[in-house]
Amino acid sequence: MPAKDLTDKATLIDGRPPVQRPGPRRTELRGFLRARRAELSPEDVGMAPGVRRRTPGLRREEVAMLAGVGVTWYTWLEQGRRINASAQVLDAVARTLQLDTAERWHLYRLAEATPVRSPSCTAAPEVVTELLHSMDPLPAVLINEQFDVIVSNKAHEDLFWDWHSLPCVHKNLLWCCVTEPLSRDRFLNYDEEVPYMVARLRAAYGSHLDDPDWCEDIRRLSDLCPEFAMLWERHEVAGPSVRPRHFRHPDVGELRLNATELEVAVSPGLRIIAYTPIDDRTRELLPRTRRHDAQVGYPGV
């Protein structure tokens with residue numbers, strides 16, 4: 001038996017069917033919902049596989065039925081139309097699409113069920129800078145939601161002093177990865193970590209859709225790097241987690257490190273990434289990356 005329909009005419013803005021052209025937030029919501037729906041098969045949600053489908057994923061009417069919402073309402077939601085959605089209804093959609101925590105919050109932001117704007121931080125409080133430098137000899141860097149490097153400690157600068165074959169002009173961790181020709185040679189698990197970084201950027205983007213600086217940055221990076229554009233179109237989002245990152249250092253060889261994020265509560269949007277050795281070999285080699293007399297200017301990853 002189909003679940004009870006959780007939506008009615010009261011969910012429409014001003015009680016009228018929405019006809020406006022979707023803005024950037026609703027356009028993002030449309031792409032996100034379509035991408036997540038395409039990833040699920042009937043078997044994933046306990047349905048019979050049925051006949052062969054012309055397109056992958058669940059149908060809209062199947063998502064609506066499983067979530068207990070009207071087919072028309074869900075179609076409008078996925079089309080990016082201006083409809084109001086309660087937390088209860090969005091929870092039902094999120095459960096049906098099997099969204100994880102980061103994806104669920106992304107859905108809330110895009111559906112305007114949470115505040116739509118949070119400022120980007122571009123400066124570090126003095127106490128945070130002092131804390132960052134006190135973490136030396138562990139490499140650590142302070143970044144914002146766009147992966148801009150705000151400040152890094154000496155250990156981090158030494159570790160990545162020779163990252164670029166071309167001068168670094170962006171001072172941004174993601175740009176340093178996807179625009180540097182030698183990244184795959186030096187970032188040994190690039191294929192796992194760069195998609196994760198793009199997914200983190202996509203999750204943060206949900207709070208900055210009306211920010212022209214964000215939109216322009218993403219446009220420029222998409223034009224410059226087809227790989228980034230491809231990853232961006234996946235609409236994948238992710239939350240923070242401890243990430244293993246393996247690098248090939250030009251002097252000491254392979255280093256296996258854990259990258260741990262620490263949110264800066266006094267400056268929302270800022271976070272510290274600190275690197276710690278995964279194994280004894282890396283713990284032994286890490287001090288040999290120090291270049292006390294070298295001129296450094298590359299933020300690394």
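**Entry 1: a loop asparagine.** I began with Asn144, which is buried at a relative accessible area of 0%. This is a predicted model, so everything I note here is read from predicted coordinates. I placed Asn144 in the loop that links strand 1 (140-143) to strand 2 (149-152). What does the side chain of Asn144 have close to a polar atom? I found the backbone nitrogen of Asp148 at 3.0 Å from a polar atom of that side chain.

Entry 2: Is Phe147 buried or exposed? I read 3% relative accessibility for Phe147, and because the cut-off for buried is under 20%, Phe147 counts as buried.

Entry 3: Pro137 belongs to the loop between helix 6 (126-134) and strand 1.

**Entry 4: the overall tally.** I counted 13 helices and five strands in the protein. Of its 301 residues, 48% are buried. I also looked at contacts between residues at least 6 apart in sequence, and 64% of these join residues at least 24 apart.

**Entry 5: helix 3.** How many of the eight residues of helix 3 are buried? I got six, so I wrote down helix 3 (residues 71-78) as mostly covered, given that buried means under 20% relative accessible area. The buried ones are Trp73, Tyr74, Thr75, Trp76, Leu77 and Glu78. I looked for what covers them, and the list includes helix 1 (24-38), helix 2 (60-67) and helix 4 (87-96). After helix 3 comes Gly80, with a positive phi near 80°.

**Entry 6: an arginine without a salt bridge.** Helix 1 also holds Arg25, so I stopped there, as a salt bridge needs a distance within 4 Å. Arg25 is buried but has no salt bridge. The nearest side chain of opposite charge is Asp210, at 4.3 Å. Which backbone oxygen lies 2.4 Å from a polar atom of the Arg25 side chain? I found that of Gly206.

**Entry 7: aromatic pairs.** I listed the aromatic pairs and got 12 in the structure. For Phe228 and Trp232, the ring centres are 5.6 Å apart and the planes stand at 25°, so this pair is stacked. Both residues lie in helix 12 (residues 226-232), four residues apart, which is about one turn of the helix. Phe228 has 0% relative accessibility and counts as buried. Trp232 is buried too, with a relative accessible area of 7%. I also noted one aromatic cluster, formed by Phe160, Trp163, Phe187, Tyr190, Phe247 and Tyr275.

**Entry 8: charges over rings.** Which arginine lies over the face of Trp232? I found Arg202 there, at 3.8 Å from the ring centre. Arg243 lies over the face of Tyr196, with a distance of 3.8 Å from the ring centre.

Entry 9: Leaving aside neighbours within four places in sequence, Tyr205 is in contact with Glu28, Trp214, Cys215, Ile218 and Trp232. At 10% relative accessibility, Tyr205 counts as buried. I also took the distance between the C-alpha atoms of Tyr205 and Gln146, and it came to 8.5 Å for two residues 59 apart along the chain.

**Entry 10: one more positive phi.** My last stop was His235, in the loop between helix 12 and strand 3 (243-249). His235 is not a glycine, yet its phi is positive, at about 60°. I found His235 buried, with a relative accessible area of 8%.

Note on methods
Residues numbered from 1 in each chain as written. Predicted model: local features only at pLDDT ≥ 70, side-chain atom pairs only at ≥ 80, totals over all residues. Heavy atoms only, no water. Phe/Tyr/Trp six-rings, centres within 6.5 Å; stacked < 30°, edge-to-face > 60°. Helix = DSSP H or I, 4+ residues; strand = E, 2+ residues; numbered from the N terminus. Buried < 20%, exposed > 50% of the residue type's maximum accessible area, 1.4 Å probe, protein only. Lys NZ or Arg CZ within 6 Å of the ring centre and 35° of its normal. Contact = heavy atoms within 4.5 Å. Lys, Arg positive; Asp, Glu negative; His and termini not counted. Polar contact = N/O pair within 3.5 Å; in protein donor to acceptor, adjacent residues only side chain to side chain.
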